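Dear colleague,

Please find the structure below, followed by some notes on what was found in it.

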Amino acid sequence: MNEQPILDPQRVAALENDAHARPTLYRMRVTAMAVLGYLAVLGLVLLGLLIFFIGVHTDRVLLTVSGIAFAVTSVYLVASCLTRGDDAPPGRPLQRAEAPDLFRLLDKLARKSGAALPDSVVIDQRFAVMLVEQQGTLALRRPRRHLVLGLPLLLALSSSELAALLAQEYNRLRSDQGRLADWLCALRRRWAARYARLQDEHGALSEFVARFYLWYIPRFQTYTLALAREQEMAATQWSAEVIGSQAAAHAALKMALFGRFFEHHYWTAYWRQADSRAEPGLAPYAGMAEGFRQGERLWRSSRWLKEALAERPSYDDPHPSLKQQLDRLGLGASPVGWPRQSAGEKWLGVTLGKLVGEFDREWLALNNQAWKTRYRTARQEEAELETLRMYSPDALDLNQLWRLAQLTHSRLGAAEARPLIERVLAQQPDHAQARYLLAAMLLDAGDERGLGCMEQAMKLDQQLVDEGMARCQRYLGKRARQHDVEDMWARLSTYHGWAHA
């Protein structure tokens with residue numbers, strides 16, 4: 001099941017050109033597409049009324065009752081398909097009394113933007129900030145809005161940097177593009193939120209309604225993508241005007257660099273402690289500042305900065321790239337650092353320590369058993385590795401040699417494992433797992449040869465395609481080479497026969 005609709009890239013490009021060349025005509029077409037989403041309800045009601053009037057005209061009581069029942073049932077089913085089960089976002093609610101300085105900033109942003117205050121503020125565990133809309137009936141009633149603030153952002157960003165991100169979120173609710181554009185972009189977000197659930201509808205009429213909207217939503221998202229991109233760029237500009245260009249630029253840089261470190265390195269490094277410690281040292285959120293300082297050589301490196309600047313959004317992503325944001329702000333890229341005083345320390349005061357303690361206790365309770373299991377597994381692997389290393393690699397059979405390579409990679413690292421993996425491939429060139437591991441090591445080192453090696457592995461074993469393509473996409477995405485991803489996918493589809501399935 002696709003969580004998000006898949007858009008047509010050629011149609012996206014054509015509409016993007018129309019938005020710039022003929023903006024008035026483009027907005028008229030987008031408005032017409034928006035109205036189409038509501039015509040389904042009207043069409044079903046009219047069909048029901050037609051059956052009703054035929055029944056009245058022909059004196060058929062059953063047909064008359066059926067027409068009314070059909071119209072009422074149709075409206076009910078459409079409403080149930082499009083409004084069912086929106087829950088408030090999970091997280092820890094934050095009250096005004098716990099963070100008066102933060103809420104004063106939110107009041108100020110609401111006054112400047114003209115947008116309403118969020119209905120609640122929620123703290124969660126992600127490296128993100130977002131205004132989440134809890135859907136109203138048929139997207140006509142104003143949805144409840146929840147500001148979701150990630151605790152890692154409160155720890156890693158300064159108050160001015162996080163204020164710039166909050167300003168962007170507020171501006172998405174009310175931009176300078178006009179009421180029509182704001183409504184269309186809001187509608188875009190709401191239809192996207194409905195898409196995944198529509199795929200679970202069952203029953204003849206409800207499935208018919210769901211099929212229409214599963215056809216309609218990707219087309220509406222395609223039509224409104226250019227408008228959404230304009231809104232995102234306008235949000236960046238407005239945050240610079242309200243908070244400051246420097247703060248907005250630093251916020252964009254930290255979201256790219258700190259975000260990458262948090263998602264792909266911080267938790268990996270934290271869990272690595274379980275290989276040698278039966279219990280964690282510092283809890284994950286209390287120790288986050290120390291974890292980032294230890295990883296400074298990565299997130300502060302010129303290589304990461306160059307890769308972040310080269311990265312481009314995918315064709316269906318409305319969010320601008322880091323370079324596009326900096327160009328809009330008229331500023332260049334510069335190294336970022338850990339803040340002297342975090343946003344959480346300034347705005348939340350003692351509440352920040354309370355939140356960190358709550359999140360750490362919850363994380364440790366949820367992961368205690370997994371930590372102990374990893375620790376036991378590490379002891380067993382070390383014993384197995386020690387036994388295998390007593391023999392010369394030449395004395396081991398293929399299975400033992402592969403196991404030695406795996407254990408060496410997990411316990412001692414890629415450098416020591418690579419010669420062993422190459423030995424495995426010399427004995428069995430079509431060893432898919434060994435080829436995959438070698439390809440992953442090459443890609444992690446920035447070696448272009450990893451792409452060809454990964455493609456071979458995915459051809460040898462279809463089970464490796466999902467993870468292998470994800471690695472290739474990360475590597476190529478950082479180098480703005482999305483077309484190479486699509487070419488590789490086309491070759492794999494042809495090889496495995498998916499293109500003709």
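**Sheet and salt bridges**

In this predicted model, L131 has L147 in strand 4 as its bridge partner. Strand 4 (residues 144–150) pairs with strand 3 in the antiparallel sense over 6 bridges, where pairing requires that DSSP finds at least two bridges between two strands, and where helices (H or I, at least four residues) and strands (E, at least two) are DSSP runs numbered from the N terminus. Helix 6 (residues 159–173) packs on the sheet and touches both strand 3 and strand 4 (contact being heavy atoms within 4.5 Å), its direction making about 30° with that of strand 3; axes are lines fitted to C-alpha atoms, for helices over the stretch in contact, with angles from 0 to 180 degrees between N-to-C directions.

The count of salt bridges comes to 28, each being a side-chain nitrogen of Lys or Arg within 4 Å of a carboxyl oxygen of Asp or Glu. One of them joins R260 to E307, with the closest N and O atoms 2.8 Å apart; because R260 lies in helix 9 (residues 245–272) and E307 in helix 12 (residues 302–310), the pair ties together parts that are 47 residues apart in sequence. R260 is buried at 16% relative accessibility, and E307 is buried at 11% (buried means under 20% relative accessible area, exposed over 50%, partly exposed in between, with a 1.4 Å probe and protein chains only).

Residues are numbered from 1 along each chain as its sequence is written. Local features need pLDDT of at least 70 and side-chain atom pairs count only at pLDDT 80 or more, while totals for chains, interfaces and linings use all residues, and side-chain values use heavy atoms, leaving out hydrogens and water.
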